[in-house]
Amino acid sequence: MTVKHGPVPADDVSAYLKSRARWSPLEIAFWIFAFATIWLFPGKYLILKDAAILALFALSLDLILGYAGILSLGQAAFFGLAGYFAGLAAKYGFINEPVIALVCSGIVAAALGFVTSFLVLRGSDLTRLMVTLGVSLMLGEVANRYSDITGGADGLQGVDIAPILGRFNFDLYGHNGYVYCLVVLFVCFVIARRIIYSPFGLSLRAIKENGLRAAAIGIPVKWRLVAIYTISAGFAGIAGGLLTQTTAFCSLDVFSLERSADLLLVLIIGGTGYLYGGLIGAVIYKLLQDWIANLTPQYWQFWIGLVLVAIVLVGRDRIGGGNAALRAAVSRLGARMTGRPAALGNAAPDGN
Amino acid sequence: MPILETIGLEKRFGGIVAAHNVNLTVEKGARHALIGPNGAGKTTVINMLTGVLKPTTGRIMLEGRDITAVVPHQRVRLGMARTFQINQLFLDLTPLESIGLVVSERLGLGGDWWRLVGTKSAVTEEIVEIVKRFRLTDVMHVRTAILPYGKQRLLEIALAFACRPHLLLLDEPAAGVPEVERHELLATIEALPAEVTVLLIEHDMDLVFSFADRISVLVNGTLFVDGAPEDVARDPRVKAVYLGEDLDA
């Protein structure tokens with residue numbers, strides 16, 4: 001950390017503030033490698049594609065958890081709604097071109113996010129957890145009830161996805177599908193990155209750290225949270241749309257609790273609040289799942305569970321070390337359940 | 001027209017009356033101190049002024065405008081900012097980022113989600129001015145969590161000042177500051193621009209009498225005495241109720 005003395009020219013301050021947002025060599029290397037996988041692992045497209053979708057989905061949760069401190073178990077609501085929207089759009093042909101359909105499914109999910117944000121932002125962590133969970137359970141059951149539209153338990157059949165941009169077909173090997181997912185992930189990542197380094201993103205960090213003070217310096221706390229929750233829902237929706245488009249199928253399990261819970265696991269592995277946590281976590285999670293499933297096809301979840309327990313108990317500062325938000329949220333939740341007050345983040349000598 | 005006026009302000013928590021018929025008037029440009037023994041209701045009054053608590057009855061006028069029903073963040077935009085008795089800072093941000101955030105918000109850029117922080121020269125120039133005024137230049141790149149307590153206290157005031165308030169509420173600014181850092185803090189408070197009206201809530205009598213040009217004494221939720229420092233110091237009732245007990249504490 002540089003310590004400066006004497007007068008500071010405005011240029012210095014400006015340069016420093018802007019330098020926060022500069023792409024580091026490590027980040028550039030990360031993305032070069034990500035795109036290089038297209039040529040490096042041609043036999044692994046399916047799992048890579050799944051990892052890319054999971055990464056985007058996890059990124060959506062990181063935006064609210066890592067940057068606004070909102071703990072959610074209901075991201076699957078947006079994922080699922082957009083997944084069905086993309087499927088129905090292709091099946092009935094009201095939006096044929098996949099990219100446009102994808103953007104639209106993101107918007108539909110964002111609309112749901114906006115509406116439900118008012119419920120979610122009311123309470124504390126536990127309330128939010130339950131409200132978000134409840135919303136996705138309800139949507140799942142609605143999809144089940146209207147099986148004539150959604151296909152119910154059998155899933156949505158007969159989804160035929162048109163070529164991307166009218167040119168690139170979804171091939172059997174999954175090459176184009178993977179490239180498509182990777183490009184969408186990258187575009188969404190760049191947008192998310194831009195958001196968090198903007199004044200808006202800075203205000204979110206302030207709200208997460210100290211909502212009382214944030215309001216006391218004139219930040220409209222509630223509306224900022226509504227905004228990021230809506231954006232996050234849109235991202236989750238795009239991930240859901242991608243899954244439907246690349247598999248030409250959509251079933252009720254897009255709304256499952258497991259899907260939302262997986263996201264928390266991904267962020268526990270990768271860490272929150274530095275954007276790459278969801279990406280790295282998703283890759284590790286998928287590879288781990290694949291590897292263990294090959295070893296013991298029947299009991300793979302046992303090993304996943306064991307690994308998670310080990311990570312949470314042993315790993316304090318992992319990749320990037322940015323899991324503080326999650327730990328704080330979990331400890332607040334724990335404190336609430338046991339009725340003890342959470343540790344004060346701002347302990348300072350009292351003036352009284 | 002006074003900058004701040006409360007009319008019959010009252011706050012009851014169930015059967016407990018925390019503030020009773022408080023009629024406080026703060027003149028424009030004043031250095032006004034609100035003092036009172038522990039539990040006198042000072043914090044209750046501050047919380048009602050800033051909108052954290054809703055008064056049971058009564059009205060609050062800021063520059064002639066009734067702000068009783070205005071939400072806290074809007075009061076900031078209308079020209080009233082506060083500091084906290086216990087630091088309320090953004091521990092993970094640097095002073096530069098924290099002040100940058102406040103200035104961006106005030107200039108209406110807070111909802112801007114596409115431009116990067118620090119690309120507007122109006123913002124950066126103001127940040128520099130505030131960083132200097134509050135003697136934070138040396139530590140502006142240091143995470144707030146590891147700043148010395150005195151610097152945190154300065155930042156606490158800097159954040160409120162960066163809202164460019166017409167009325168600045170300082171809630172025990174010197175509380176807990178060690179002797180070595182105290183001088184810097186007091187000098188900074190003294191040097192606040194004259195056009196900013198200051199309402200100081202303080203326990204420290206040295207600070208109150210060296211700084212304030214008007215003093216209101218709150219006892220048991222009621223305004224007890226209100227006047228120039230000399231008059232308040234001479235008032236036998238104040239001596240009995242307040243100064244006698246608390247000065248030697």
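Which elements cover the buried residues of H4(B)?

Author: The cover over the buried residues of H4(B) includes H1 of chain A, along with helix H3 (95–106) and helix H5 (149–161) of chain B. Helices here are DSSP runs of H or I with at least four residues, strands are E runs of at least two, and both are numbered from the N terminus. This is a predicted model, in which local features need pLDDT of at least 70 and side-chain atom pairs count only at pLDDT 80 or more, while totals for chains, interfaces and linings use all residues. Residues are numbered from 1 along each chain as its sequence is written, and chains are lettered from A and ligands numbered from 1 in the order in which they are written.

Now for the helix itself. The buried residues in H4(B) are B:Val123, B:Thr124, B:Glu126, B:Ile127, B:Val128, B:Ile130 and B:Val131. Buried means that 20 or more other C-beta atoms, placed from the backbone, lie within 10 Å of a residue's own; 12 or fewer makes it exposed, and in between it is partly exposed.

Helix H4 of chain B covers residues 121–133, and its end C-alpha atoms are 18 Å apart, which agrees with the 18 Å that its 13 residues should span at 1.5 Å a residue. That expected span is 1.5 Å times one less than the number of residues. Just after H4(B), B:Arg135 has a positive phi of about 55 degrees.

Back to the partner chain: the contact takes 41 residues from chain A and 51 residues from chain B, where two residues are in contact if their C-beta atoms, placed from the backbone, lie within 7 Å. On chain A, helices H1 (10–19), H8 (175–196), H9 (199–209) and H10 (211–216) each supply at least two residues of the side that touches chain B. The largest share of that side, 8 residues, comes from H9(A).
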